[in-house]
Amino acid sequence: MALHPAVADIDLVSMSFWDRPEKERLADFARLREMGAPVFFPEPRIPFVRGGQGFHALVRHADVVAASRDAGTFSSEPAATSPEPPPWLAVLLGTPMINMDDPRHVRLRRIVSRAFSPRMLARIEADVQATATRIVDEVLAEGPRDFVGQVAARLPINVICAMMGIPERTRPYVLRRIDAMTEYAGVRGSLTSPRTLRLLAGNLRAIADLHRLVARLGRARRERPTGDLVSALVNANVDGERLTVRELGSFFDLLLVAGNETTRNALAHGLRLLTENPGQRELLLADFDGRIGGAIEEIVRYVSPIIQFRRTLTRDHVLNGHPFQAGDKVVLFYLAANHDPEAFADPDAFDITRSPNPHVGFGGPGPHLCLGANLARMELRIMFRELFDRLPGLRTVGEPVPLRSSFDNGVKSQPFTFSLPS
């Protein structure tokens with residue numbers, strides 16, 4: 001199927017699209033929205049990987065919201081991620097919740113949602129604060145170098161690992177494997193590219209390593225429960241249901257990627273946005289408690305830390321006047337939806353006073369709305385307060401080094417500075 005001539009130069013499958021500057025990509029998404037009907041993008045096949053027929057890009061806010069709400073039609077099975085994993089991978093490592101539909105999805109979500117209840121978040125708030133304080137202490141001692149390595153990557157991984165009961169000495173090992181799981185995710189490579197196959201193999205090794213780690217921990221916590229999240233999950237019994245060790249491993253993958261990357265990316269991009277928009281920064285610092293909630297929502301909207309998820313049509317369906325057939329694939333581009341002028345006035349402006357702000361930065365409404373959204377909000381609020389309270393003149397300097405991915409809107413490194421105390 002040929003692309004419409006007006007958008008024939010856009011290729012959401014190609015790595016070259018995601019290598020382009022942010023403003024150029026947003027401009028291309030605007031052109032795709034103007035087409036009205038979702039545009040189809042063919043995908044090459046990769047050996048041993050399912051799929052390859054291509055997908056329709058949902059780039060309008062209304063379409064992404066409608067598809068998110070209708071999980072019965074827009075299925076997360078066989079996979080919500082790109083490229084779709086081979087069937088044997090689920091047999092070997094289990095199926096994560098993001099690749100499930102109800103009733104399996106709601107069963108697991110009911111168990112793991114306990115980890116993100118208001119009561120549980122209140123219990124860990126002091127630990128998050130202590131972690132943020134320690135991070136800034138060390139930044140003051142070391143001086144500013146890389147905001148991602150010194151701050152943004154450290155907070156969420158330490159919080160998640162502390163919740164799960166992962167020993168501190170093991171956390172660098174975990175972080176390296178998260179990076180391997182997310183780098184280059186979402187974009188298919190050439191059939192003949194050794195680099196593509198090497199990256200896929202690295203992703204699989206990282207997943208297997210983390211599953212072995214949490215499986216050992218889960219077995220230990222079943223025999224000797226402690227107060228950590230792994231103990232709560234492996235010993236939880238909700239309506240007679242318990243997590244298997246494989247299900248625990250799949251949940252750990254999801255928590256590490258979604259829970260870690262959302263906060264990490266929002267912190268890194270957020271400091272850059274507040275640096276590039278000094279009026280918004282002044283507005284925030286003049287009334288931090290009153291403005292931080294709006295600032296966090298606007299950062300998440302503008303950045304869209306997780307760029308997209310995939311869905312498969314379970315039946316024939318018409319969306320926005322466009323007919324789909326059962327088996328068709330669509331990709332929900334949250335980044336495009338969050339810059340849709342039909343939903344947001346002046347969408348490419350960064351405005352922490354924006355209200356309402358119906359962004360889909362935590363996923364669209366429906367059964368797959370991010371479980372950890374409130375944890376991310378708490379981490380961002382605490383970390384930004386600690387940073388701005390203790391590092392006067394905090395700002396980014398120079399250009400960030402972006403992660404090369406169409407799935408994870410990540411930053412590999414970001415130089416920064418602040419005024420050292422005299």
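Below are my entries on a sheet, a pocket, an arginine and some backbone details.

**Entry 1: what I am looking at.** I noted at the start that this is a predicted model.

**Entry 2: the sheet.** I asked myself in what order the strands of the open sheet run. I found 5 strands in the order β1-β2-β7-β4-β3, and the pairing is mixed. At the edges sit β1 (39-41) and β3 (74-75), each of which pairs on one side only. I then looked at β2 (residues 55-58) and β7 (residues 329-333), which pair in the parallel sense over 3 bridges. His-56 has Val-330 in β7 as its bridge partner. Helix α3 (residues 61-69) packs on this sheet and touches β2, β3 and β7. I read off the angle as well: the direction of α3 makes about 120° with that of β7. As a reminder to myself, strands of a sheet pair through backbone hydrogen bonds, either parallel or antiparallel.

**Entry 3: the second largest pocket.** Next I went looking for empty space; rolling a probe the size of a water molecule over the atoms shows where it is left. I picked the second largest pocket, which has a volume of about 610 Å³. Which residues lie nearest its centre? They are Pro-21, Glu-22, Arg-25, Arg-272 and Pro-400, out of a lining of 29 residues. I sorted the lining by kind and got 13 charged, 11 nonpolar and 5 polar residues. I also checked which elements supply at least two lining residues each, and these are α2 (22-34), α12 (245-276) and β10 (411-413). The largest share comes from α12, with 4 residues.

**Entry 4: Arg-154.** I moved on to Arg-154, which lies in helix α8 (residues 154-164). What does the side chain of Arg-154 make a polar contact with? The partner is the side chain of Glu-138, at 2.6 Å. Leaving aside neighbours within four places in sequence, I listed the contacts of Arg-154 as Ile-135, Glu-138, Val-148 and Gly-149.

**Entry 5: backbone details.** I finished with the peptide bonds and found a cis one from Asp-102 to Pro-103, with omega near 10°. Pro-103 is placed in the loop between α4 (87-93) and α5 (104-112). Another cis peptide bond joins Ser-355 and Pro-356, where omega is about 0°. I located Pro-356 in the loop between α15 (334-337) and α16 (373-390). Ser-304 also went into my notes: its phi is near 50°, a positive value in a residue other than glycine. Ser-304 has its place in the loop between α14 (288-303) and β4 (308-313).

Technical notes
Residues are numbered from 1 along each chain as its sequence is written. This is a predicted model: local features need pLDDT of at least 70, side-chain atom pairs count only at pLDDT 80 or more; totals for chains, interfaces and linings use all residues. Side-chain values use heavy atoms; hydrogens and water are left out. On a 1 Å grid over the protein atoms alone, a cavity is a set of points where a 1.4 Å probe fits but cannot get out, and a pocket is an open set with protein on both sides within 12 Å along at least five of seven lines; lining residues have an atom within 4 Å of a point. Grid points are joined across faces, edges and corners, and a volume is the space filled by probe spheres set on the points. Ala, Val, Leu, Ile, Met, Phe, Trp, Tyr, Cys and Pro count as nonpolar, Asp, Glu, Lys and Arg as charged, and the others, Gly among them, as polar. A polar contact is a pair of N or O atoms within 3.5 Å; within protein, one must be able to donate a hydrogen and the other to accept it, and residues adjacent in sequence count only if both atoms are side-chain atoms. Contact means heavy atoms within 4.5 Å. Two strands pair if DSSP finds at least two bridges between them. Axes are lines fitted to C-alpha atoms, for helices over the stretch in contact, and angles run from 0 to 180 degrees between N-to-C directions.
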